[in-house]
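Please walk through this structure one chain at a time.

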Amino acid sequence: MKEENEEETRDSGLSEYNIEGQEPDAKETSATSDTLDTSEPGEEEHSVEDISAPEPPKKHHAYLGLWLLVSLSIIVVMAVSFLEEPTLFGLEVKQAPFRDALLAEAEEDTATPDTLPVAKPVVVETDSTPKNILIFGDSMTFLLAQRMAKYGTQNGHTVYGVNWDSSTPQIWAMSDTIAHFIRKYDINYVMVSLGSNELFAKDLDSRAKYVKKIVEKIGDIPFIWVGPPNWKEDNGYNDMLERTLPRGTFFRTGMMQLARRGDHIHPTPDAAVLWVDSIMRWMPKSAHPILVDVPADSINTTPTLTILKKKR
Amino acid sequence: MEEIATQVQLALRNIADMLAYDPETPMLFSSGIFWLLFIFFLPVYALLKKSRTKMVIFVVGFSLYFYYKSSGLFFLMLAGTSAVDWMLSWHIFRSRKKGVRLALMWLSVCFSLSILGYFKYANFFLWNWNAMVQGNFQPMDIILPVGISFYTFQSVSYVVDVYKRRIAPTRSWLDYIFYLSFFPQLVAGPIVRADYFLPQLRRNERATPNMIWGGLWLIIVGIIKKALIADYIAQYNDLVFNDPGFYTGLQAFMGVIGYTMQIYCDFSGYSDMAIGLASIMGFRLGINFDSPYQSRNLTEFWRRWHISLSSWLRDYVYIPLGGNRKGVFRTYLNNFLTMLIGGLWHGAAWKFVFWGAMHGVGLAVHKACKPVLKKIPDNFATDFLFWLMTFVYVSLLWVFFRAADFQASVTIIESLFTGWDLREFPEFCTERAAWCIMMAALIVMHFVPQRWADYVQDVFIRAPWIIKLIVFLCAVQLVISFMSAEVQPFIYFQF
């Protein structure tokens, strides 16, 4: 009766052994007394029932082949990581972060005045001349530009917005859109709003590359970069921006409490007003302060806005 | 010249940093640093394999280093507890008095479980205690050593097996710690039984070419499952689970199905890598996942899902509780309790307890319905219906496993039944094309007959070396490419 029940036990929800090369019930297999070693530690080894029977080894050494294969693969992947923008059949080849990992300098070594995070406020005299301000970036740009237009009217600036939905720094870095709009509107001040669409990226070093390219494209024009509003902690994206951008040019929106629209990512129009006001309060501490007095309630200016669509 | 010397110096310093303990970057089999070490490990292992003692010392050293890289000085705890268990196992084995042996067995089991309990469940206990007595205990600052749940279960089964005289203790402590700390399965299983593993260690047979190349194939499959598919599809699933209630019925449905596949790829992918690495070293660990979502009932599911854990629970919890030998009610109760413990093993939170309990309930219901189910004709329609019921039940329970809390789980499940609009589907597929393709491929692959998978593995094993190299490189490059790709977080059609 007991045996029957034990057999039924194997039909319970808990699985029985059914592993390739393994006995159906290892417990029963190994419970026989002849598998037991009664010797003391250090005595002669006992024989043990053969549970699995691997096939006989061949003479040639597969380990050598495997070692060569793995070593060669690592060499190839490493070599590719050292190439500048490698391509294969015209397609970009993504790089493993070997190069960055191997040649990354410790922060204390690389922290030049230009890359130091904004630990202390930058004291720079405010430029009181009127500006042609270009705000460009992802879909957050639309929200920022609405309020900035009012700041522009109040302070004598003209605000132009270029909103490219779903865009990332990479798209802007690889196109000539920035140069086009700088020329078109004779821009002498830039606000960048990018990062929301790659906020949770993990390959931060390759992202930093595009951020640097955007800074290059902006050139000598004073600029600030408005960081993306997080709705949860990122993987170091904001830290990367802070590290990569010149001191005093990065406004960290981060975990700022902003009321969200139904999509849970874009701030509501009211929250966007508060957001821009926060940026403007920070402006005097930035590397490139300009006049940003709070606009009067009566001002109802709308920005000159260009909406770009992502290529599909 | 000076610049090159500086770069070399910098690279050496960075390599040293990478080799040091860093809780943020545990050494995973899919990481570059592991493979860099592996190319040094492999030739030494191959050379030392002839001498069993030298091989054991080398592998134990490497395994402890592997553990140090993930858990720091906790590797000393692993070594220490293994020494205690090994000594106790010998006392158990040598003693002729049943009472003494039983007491020593319980001493060892309690010792192992108390360490696990402290690190894994102390704060859970405190939190519940606070809630019950309105107390004000602060949670303790406890770091959970990586893999402690796995090696604790291994040590418990070892001691119990010695007590029951199913196995003899290992001759030396080195053999025992080799078994306990064997790096391929140290941090995430499978939970290997001593009676299966130790004989292989004693024989110390060299891996055959089939084992080596088959192992590499499993590693490739595991890397693709874990580092490519699971990590990529997780990005969308995370959005759904981090913001319950926001998404429409279709989006939530995709998130739930996505998580069902993600957790399978994650767990089984890592298991595949572990089994593959062990195979390269000449050890068989058995299979741990056997296309679990093909199951047509919950009982079958647990025979296919995390096989090493479910069989451990059967042998060391369910059967000792009485199994099905004490009547129908006790059988159901034992099933339920076993799954409850299985749930708690997965994590110190009530959501895991609930998840385990519901699996226990499901198993009991299936058992109770068996007489009726046997009368139902076995055809494609009934097979499909039972498969669908099982898949839906398992998927819904994964919601409780993944969501932040019970309320979030309920909200997500509610959203599965509201706000459906199939017109969203083309838009969803367009915006998340890679995600959809990956999911479709995954589902198709999951239902491919095992013999097809075996055939592909066989083709790989027999393929020329250069083909193997290309396949391996392609897999690695795929992982690198998708490592930096994101699923579109939100669809931007508002403007």
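Helices (H or I, at least four residues) and strands (E, at least two) are DSSP runs, numbered from the N terminus. By that rule, chain B has 21 helices and 0 strands. This is a predicted model, in which local features need pLDDT of at least 70 and side-chain atom pairs count only at pLDDT 80 or more, while totals for chains, interfaces and linings use all residues. Residues are numbered from 1 along each chain as its sequence is written, and chains are lettered from A and ligands numbered from 1 in the order in which they are written.

A residue is called buried if 20 or more other C-beta atoms, placed from the backbone, lie within 10 Å of its own. Of the 495 residues in chain B, 44% are buried. Helix H13 (residues 307-318) of chain B has 10 of its 12 residues buried, so it is largely enclosed by the rest of the structure. Among the buried residues of H13(B) are Trp312(B), Arg314(B) and Tyr318(B).

Chain A contains an open sheet of 6 strands in the order E7-E6-E5-E3-E4-E8, with parallel pairing. Its edge strands, E7 (250-251) and E8 (304-308) of chain A, each pair on one side only. Two strands pair if DSSP finds at least two bridges between them. Strand E5 (residues 189-193) of chain A is joined to strand E6 (residues 223-226) of chain A by 4 bridges, and the two run parallel. Ser193(A) is opposite Val226(A) in E6(A).
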